[in-house]
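Please take a careful look at the structure below, and then follow the explanation one step at a time.

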There are 2 protein chains.
Amino acid sequence: MANSTGIQALVFDVFGTVVDWRSGVAREAQAFLNRHAPGLDPFEFADAWRREYSPAMEEVRSGRRPYVRLDVLHRENLVKVLNRLGITGIPEAQIDALNLAWHRLDPWPDAVEALYRLKQRFIIAPLSNGNIRLMVDIAKRADLPWDAILGAEVVRAYKPSPQVYSETVEILGLEPAELCLVAAHNGDLAAARRLGLSTAFVARPTEHGAHQTTDLKAEQAWDFVVDDLLQLAGQLGCTR
Amino acid sequence: MANSTGIQALVFDVFGTVVDWRSGVAREAQAFLNRHAPGLDPFEFADAWRREYSPAMEEVRSGRRPYVRLDVLHRENLVKVLNRLGITGIPEAQIDALNLAWHRLDPWPDAVEALYRLKQRFIIAPLSNGNIRLMVDIAKRADLPWDAILGAEVVRAYKPSPQVYSETVEILGLEPAELCLVAAHNGDLAAARRLGLSTAFVARPTEHGAHQTTDLKAEQAWDFVVDDLLQLAGQLGCTR
């Protein structure tokens, strides 16, 4: 039934698609901010930290910098944001601890049950820019039953660089269309489609908070367009 | 309690340590041999195929050949063995199908329960020379609850090359001694110990059949020496 689509494996964007990074980072930063920057909105802090994410990876994608794992970029970005906010003189160990905020993110409410259903018929794995240890820590804490941890660190490149998708297809021994990327971001899906992957858009209209303006809906006719991952599981024949 | 040892993650050799490759390959080859080489003992066939394993990887370890995944080496080795046995004219698709024997191996009886217990306290992952898809297929069929698939393909090198162990330590963000290699092979453990990893020897005295002569016992004072993985789980405080 699932294989009327020919899909054999599903790979997932994680930050925003499977887990709610913004609430998680805000929660994890709250105590630190109370101490060092009372009055600063932890959600604004999470947004500021996240704004450094794509530019930092772009250094690697452009070839200006060799691959380094996301934990390293997150920490550099954190130091940058703290400096900009005038939060200085923080012991290294406290910065390290705060950087682990990204390892303790909660899944969206539909994610865990949907992944368990999908795992019965498909290989499921993250295809995240997060590094392996980061993905493992999130998964163990949140009970995400991945079959493998794929993504940036395995291929040593960052999405949306094309080799992340094409090498993952090769690692899984599949034809491109047999692999489906599941993501809340049209740009990620567009890059996957250019390599021939199947595509599933899941709407996460509050990833960036109540006033989100991007990725509110599918911008192409993706193979699947769903409101949450349980709906995707249903459309793929994984109803229980 | 587990952390009186300081160990945070356990990585496992798979062929021989977690799964019984010899019985599985023999079983999977039986029908093929009945058709093409009646009278040939499928266990002898499995042994002949396996004898090509280490020399094929040695081409990569020595630098004479760039990394190719184990599925490719297994298939080349299979063709070599079939030719030697005078089994010729086999359609490519049948060779491909037989090569998947390695994807359908059964775990030793203690393995699944032990991995579930160990997973509660430790990150657990294969550190096999098998490629990612091969490990995923074995795990899904056998219900091995890995947290990630590490090993040769992630670092693009074959054990016992030192970078397999050292890069895995780095990927997991650990000190070497916080990572324990679990293996039924003294040579694998010796290579891991040279890089500072913790070590656990599990006896698998019938991996090579009833007349096995190698790896019958621990050849160094490994950190743990056990008769099966449930015993290891017990010694690491994972009794349920």
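Predicted model: local features only at pLDDT ≥ 70, side-chain atom pairs only at ≥ 80, totals over all residues.

On the side of domain 1 of chain A that touches domain 2 of chain A, the elements giving two or more residues are helix 7 (132–142) and helix 8 (152–155) of chain A, and the largest share, five residues, comes from helix 7 of chain A. Two salt bridges are found across this interface. The side chains of A:Glu153 and A:Arg69 meet in a salt bridge, with 2.8 Å from N to O.

The domain assignment of chain A places residues 2–20 and 105–235 in domain 1 and residues 21–103 in domain 2, and the C-alpha centres of these two domains lie 24 Å apart. To their contact, domain 1 of chain A gives 25 residues and domain 2 of chain A gives 21 residues. The size of an interface is often given as the accessible area lost when the parts come together. Here the area buried between the two domains of chain A is about 2,000 Å², with carbon and sulfur atoms giving 52% of it. In domain 1 of chain A, the residues that lose the most area to domain 2 of chain A are A:Asp20, A:Leu105 and A:Tyr158, which together make up 32% of what that side buries.

How many disulfides does the structure hold over all chains? There are zero, and A:Cys180 is in none, since the nearest cysteine sulfur, that of A:Cys238, is 12 Å away. A:Cys180 counts as buried because its relative accessibility is 1%, and A:Cys238 counts as buried because its relative accessibility is 2%.

Notes: Residues numbered from 1 in each chain as written. Chains lettered and ligands numbered in written order. Heavy atoms only, no water. Disulfide = S-S within 2.5 Å. Buried < 20%, exposed > 50% of the residue type's maximum accessible area, 1.4 Å probe, protein only. Domains from an automatic or database assignment. Contact = heavy atoms within 4.5 Å. Buried area = accessible area lost by both parts, 1.4 Å probe. Salt bridge = Lys/Arg side-chain N within 4 Å of Asp/Glu carboxyl O. Helix = DSSP H or I, 4+ residues; strand = E, 2+ residues; numbered from the N terminus.
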